[in-house]
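Have the model open while you read.

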Amino acid sequence: MQKKIFFSHHAQLKFQLLRRHGIHFTETHIENAVNNPDIVLEAEKSRKIAQKALDAKRVIRVIFEVKNGSIIIITFYPARRSRYENKL
């Protein structure tokens, strides 16, 4: 059973910010990255980073926390694969 996913206020605003720059993600895109990541990394403050390939050049990175059996999406952003995958 998959954990319930909640979006922080910041994450909800991120959808609007990216849309203004011509980048369109839905909650389903972000949930898919968390539920089916290519890799999950440990981050600061007990947070995790789920990374999922979007295409040959880009990934989506999702910063999240697991609390009380739920996943809270803190923020997310698209990035160049070369910036992060070469460091793995």
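## A charged network and its surroundings

The side chains of E65 and K67 come together in a salt bridge at 3.3 Å, N to O (that is, a side-chain nitrogen of Lys or Arg within 4 Å of a carboxyl oxygen of Asp or Glu). Through salt bridges with shared partners, R47, E65 and K67 end up in one network. This is a predicted model, where local features need pLDDT of at least 70 and side-chain atom pairs pLDDT 80 or more, while totals for chains, interfaces and linings use all residues. Numbering runs from 1 along each chain as its sequence is written, and side-chain values use heavy atoms, with hydrogens and water left out.

The structure holds 5 salt bridges in total, and these are three of them:

| Pair | N to O distance |
|---|---|
| E65 and K67 | 3.3 Å |
| R47 and E65 | 2.7 Å |
| K48 and E42 | 2.8 Å |

What does the pair R47 and E65 tie together? R47 sits in the loop between β2 and β3 and E65 in strand β4 (residues 58–67), so their bridge links parts that are 18 residues apart in sequence. Strands here are DSSP runs of E with at least two residues, numbered from the N terminus.

How accessible are the partners? E65 is buried, at 10% relative accessible area, while R47 is partly exposed at 22% and K67 is partly exposed at 46%. The cut-offs are under 20% for buried and over 50% for exposed, with partly exposed in between, using a 1.4 Å probe and protein chains only. In the other tabulated pair, K48 is partly exposed at 25% and E42 is exposed at 61%.

Now for the hairpin. Strand β2 (residues 39–42) pairs with strand β3 (residues 48–53) in the antiparallel sense over 4 bridges; pairing takes at least two bridges found by DSSP. I39 faces Q51 in β3. The two strands have 5 residues between them, and K45 in the turn has a positive phi of about 55°.

Last stop: T75, in strand β5 (residues 70–80). Is T75 buried or exposed? With a relative accessible area of 13%, T75 is buried. Leaving aside residues up to four places away in sequence, T75 touches H10, A11, K14, R61, V62 and I63, where contact means heavy atoms within 4.5 Å. With H10 there is also a side-chain to side-chain polar contact at 3.2 Å. Such a contact is a pair of N or O atoms within 3.5 Å; within protein, one must be able to donate a hydrogen and the other to accept it, and residues adjacent in sequence count only if both atoms are side-chain atoms.
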